[in-house]
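I opened this entry to record what I looked up in the structure, beginning with the fold as a whole and then turning to the ligand and the backbone.

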Amino acid sequence: MTPVILLTGFLGSGKTTLLQRLLTDPSMKGAAVLINEFGEVGLDHALLDRIDDTVVVLKSGCICCTVRGEVADALSNLHSLRARGEIAFDRVVIETTGLADPYPVLQTLTAHPVLRSHFTNGGVLTTVDAVNAVLQVEHRSEAVRQIAAADRIVLTKTDLTEPEMEQALRRRLARINPGALILTTEASVDVILEGFGSTAFANTLAGEGGGDPLCGPTCDHAEHQHTHHHDHSHNRHHAHHYDDALGVTSFSLVIEQEIDWTMFGTWLTLLLHKHGERIFRVKGILAIEGEDSPIAIHGVQHLVHAPTHMANWPKGPRQSRIVFILEGLAPDQIRRSFTAFMGISEARTAAE
Ligand SMILES: Nc1nc2c(ncn2[C@@H]2O[C@H](COP(=O)(O)OP(=O)(O)OP(=O)(O)O)[C@@H](O)[C@H]2O)c(=O)[nH]1
C-alpha cells in the first residue's frame, strides 16, 4: 500500500512553500506529487522546481471542487505507470487548492474500488496562516474543515505575528481539532513529517474511519459532497468564474505590456489595504520593465508578501498574469483600477 499525504490549507497559507521544503527531505525523494492547481497561471507548479513524470498538475478549473474524479484518475494512472516499470514512487503527496474540502479526497482513497487496494491515507497536513487565520476561520467554512481534517497543523507566518496572537490562535485551533499536533514552519522537515506517510501511521488512521467530523451521524456524505460541489455555475462564457454557493469570484488579469515595478507595488498595496478583507488571494507572474526573468508576487487578504525572482518563464507567452480570488468585488473594478493607476490601456480579464 502506498501512503498518500494530503497537504491542505486555506488560500495563500503556505502549502506550496511547505511542499518545496518537504520535497528536499531524503524521505520524500521517492514521492509522487499531485498539485490541484487553480487557474491558468500555473504558479505553484512553476515554483516547485521539480518537473518530471511524478509531478502531476490537476487543473480543476474550479477553486472549490476537489475534482475527486481527477484525483482518482491521476492516482490510477500513476499506479499503472509504476506497474509497467515506467516510473517509481513510494508515496504520494496531494496539494489541494486553498478552497478545497479535504474530505472527498480522503473518501476517494477509502471508497474507490481500485485505489483502495493500492493507496492508503498517509496523513493530513494542514497549513494555517497565523496572520489571516482568525478572519478565515470566522468567515470560511472550508478553512474550518481543513483544520478539522488535520493530523498535523503547520502554523505559517509566525515570523509576522506577535506571540500573544499565536497563542490565541493555537487555542482556537485546539478547540476545532484537539487531536492535531500543532507545529510551526520553524520545525524541521524531519519533525513535520515524523511518522507521516509510513504504513504504521496509516494503520493508526485506519481505525478512525476517515469520517467527516463536520457531518452529522446521518449525513449521506456522498450526496452531501455532490450537492456541495455542483450547486454552482461553471459558466465558461464569462470572463470570470462565479461560484454561487461560496460567493467567490475568480479571474485573472492578463497584461501584455511590461510593468513598472514601483507603480505596481504601490497599486497592490493600496488595493489590499482598501479591499483586503474581500481579496482572499492574489498571485501572479509579472513581466517587469528591465527584468529578463519573471517576478512572482503573492498577496493574502491585507498582506503583501515579498516578491521572488523565478528562474525562467513557464511555457506559454511572456505576459503578466495575475490571479485574483475574491468576494463581492467585480473583476472589471479591479481591471479599471489597475489600468487607471498604472497608465496601461490594455489589460484584459480572463476566465479561471
Ligand atoms: N513570512 C512568511 N511568508 C510565508 C510563510 N509561508 C509562506 N509564506 C509566503 O506566503 C505566500 C503564499 O505562499 P504559498 O506557498 O504560495 O501559499 P499556498 O497555500 O500554496 O497558496 P495557494 O496555492 O494560492 O492557496 C508566498 O509569498 C510565501 O513566500 C512563512 O512562514 N512566513
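I began with contacts in the chain between residues at least 6 apart in sequence, and found that 76% of them join residues at least 24 apart. I note that this is a predicted model, and that its chain has 13 helices and 15 strands. Of the 352 residues in the chain, I find that buried ones make up 41%.

Next I looked at the ligand, which 19 residues surround, the closest being G14, T17, G98, H298 and H305. Sorting this shell by class, I recorded 11 polar, six charged and two nonpolar residues. I then asked which elements each supply at least two residues of the shell, and they are α1 (15-22) and β10 (279-286); α1 gives the most, with three residues. Both domain 1 (2-228) and domain 2 (241-351) contribute, since the shell draws at least three residues from each.

K157, which is not a glycine, has a positive phi of about 65 degrees, and I located K157 in the loop between β6 (152-156) and α8 (163-176). Is K157 buried or exposed? I count K157 as buried because it has 23 C-beta neighbours inside 10 Å, where the cut-off for buried is 20 or more.

Q301 also went into my notes, with a positive phi of about 55 degrees although it is not a glycine. I placed Q301 in the loop between β11 (295-300) and β12 (303-304), and I list Q301 as buried because 21 other C-beta atoms lie within 10 Å.

Definitions and conventions: Residues are numbered from 1 along each chain as its sequence is written. This is a predicted model: local features need pLDDT of at least 70, side-chain atom pairs count only at pLDDT 80 or more; totals for chains, interfaces and linings use all residues. A residue is near a molecule or strand if its C-beta atom, placed from the backbone, lies within 6 Å of it. Helices (H or I, at least four residues) and strands (E, at least two) are DSSP runs, numbered from the N terminus. Ala, Val, Leu, Ile, Met, Phe, Trp, Tyr, Cys and Pro count as nonpolar, Asp, Glu, Lys and Arg as charged, and the others, Gly among them, as polar. Domain bounds come from an automatic or database domain assignment. A residue is buried if 20 or more other C-beta atoms lie within 10 Å of its own, exposed if 12 or fewer, and partly exposed in between; C-beta atoms are placed from the backbone. Two residues are in contact if their C-beta atoms, placed from the backbone, lie within 7 Å.
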